[in-house]
Amino acid sequence: MKTLRIFSLLLITGAAAFTSCDKNDDESTAARLQKYWLVDSVAIKNTTAAGSVTLVYNGTAADYYDFKTNDSLYFKLNTEEDVLPYSILSDSWILVDGDSAQIVSLSGSKLQLYKKDITSSTDYVETRAYFRQ
């Protein structure tokens, strides 16, 4: 019986040692978002009554999104470079230059954003952007 207790105690101690908290659990959305992000890819799907077409841009080493703490987004994507205002609406939504985007995933090393623009009852444009640290 004593051996069983010691074995149980070792299992519990071992499990506790291998269970760790992700440091990002305690970080706010702002703290995780306000970084310099490299662009992995941007996929734009244009859907109409006639069908859909998806265009994919694969980021280069020069492409980035830099969410600054002063609520300014500095970005370079292909040949476009600009500074836009942004705000964090919630843990899963941001507003960039007046357009909302969903934060699909946000970790210390990965960011995925999604945006859907409905242009008519049958037409819409979906944008998915993937970033990495």
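**Contacts between side chains**

A: Let me begin with arginine 132, which is partly exposed, with a relative accessible area of 32%. Please keep in mind that this is a predicted model.

Q: What does the side chain of arginine 132 meet in a salt bridge?
A: It meets the side chain of aspartate 40, with 2.4 Å from N to O. Because aspartate 40 lies in strand E1 and arginine 132 in strand E9, this pair ties together parts of the chain that are 92 residues apart in sequence.

Q: And is aspartate 40 buried, exposed or partly exposed?
A: Aspartate 40 counts as partly exposed, since its relative accessibility is 28%.

Q: How many salt bridges does the structure hold?
A: There are three salt bridges. One of them joins lysine 68 and aspartate 66 at 3.1 Å, N to O, where lysine 68 is partly exposed at 34%, whereas aspartate 66 is buried, with a relative accessible area of 11%. Another is formed by aspartate 117 and lysine 115, at 2.5 Å from N to O.

Q: Why does lysine 115 count as buried?
A: The cut-off for buried is under 20% relative accessible area, and lysine 115 has a relative accessibility of 19%, so it counts as buried.

Q: Changing topic, how many aromatic pairs are there?
A: A search of the whole structure finds five aromatic pairs. Among them is the pair of tyrosine 36 and tyrosine 64, which is stacked, with 5.0 Å centre to centre and 15 degrees between the planes. Tyrosine 36 lies in strand E1 and tyrosine 64 in strand E3, so the pair ties together parts that are 28 residues apart in sequence.

Q: What about tyrosine 65 and phenylalanine 131?
A: Those two form an aromatic pair that is tilted, with 4.8 Å centre to centre and 55 degrees between the planes. Tyrosine 65 is in strand E3 and phenylalanine 131 in strand E9, 66 residues apart, and both residues are buried. They also belong to a cluster, linked by ring pairs, with Phe67, Phe75 and Tyr86.

Q: Which ring does the charged end of lysine 116 sit over?
A: It sits over the ring of tyrosine 124, 4.3 Å from the ring centre.

Q: Last one, which residues make the nonpolar surface patch?
A: Ile44, Val53 and Leu55 make a nonpolar surface patch of about 280 Å². Of these, valine 53 lies in strand E2 and is exposed, with a relative accessible area of 53%.

Definitions and conventions: Residues numbered from 1 in each chain as written. Predicted model: local features only at pLDDT ≥ 70, side-chain atom pairs only at ≥ 80, totals over all residues. Heavy atoms only, no water. Phe/Tyr/Trp six-rings, centres within 6.5 Å; stacked < 30°, edge-to-face > 60°. Helix = DSSP H or I, 4+ residues; strand = E, 2+ residues; numbered from the N terminus. Buried < 20%, exposed > 50% of the residue type's maximum accessible area, 1.4 Å probe, protein only. Lys NZ or Arg CZ within 6 Å of the ring centre and 35° of its normal. Patch = residues over 30% accessible without salt bridge, like charges linked within 9 Å, V, L, I, M, F, W, Y side chains within 5 Å. Areas by Shrake-Rupley, 256 points an atom, 1.4 Å probe, with all protein chains shown as cover. Salt bridge = Lys/Arg side-chain N within 4 Å of Asp/Glu carboxyl O.
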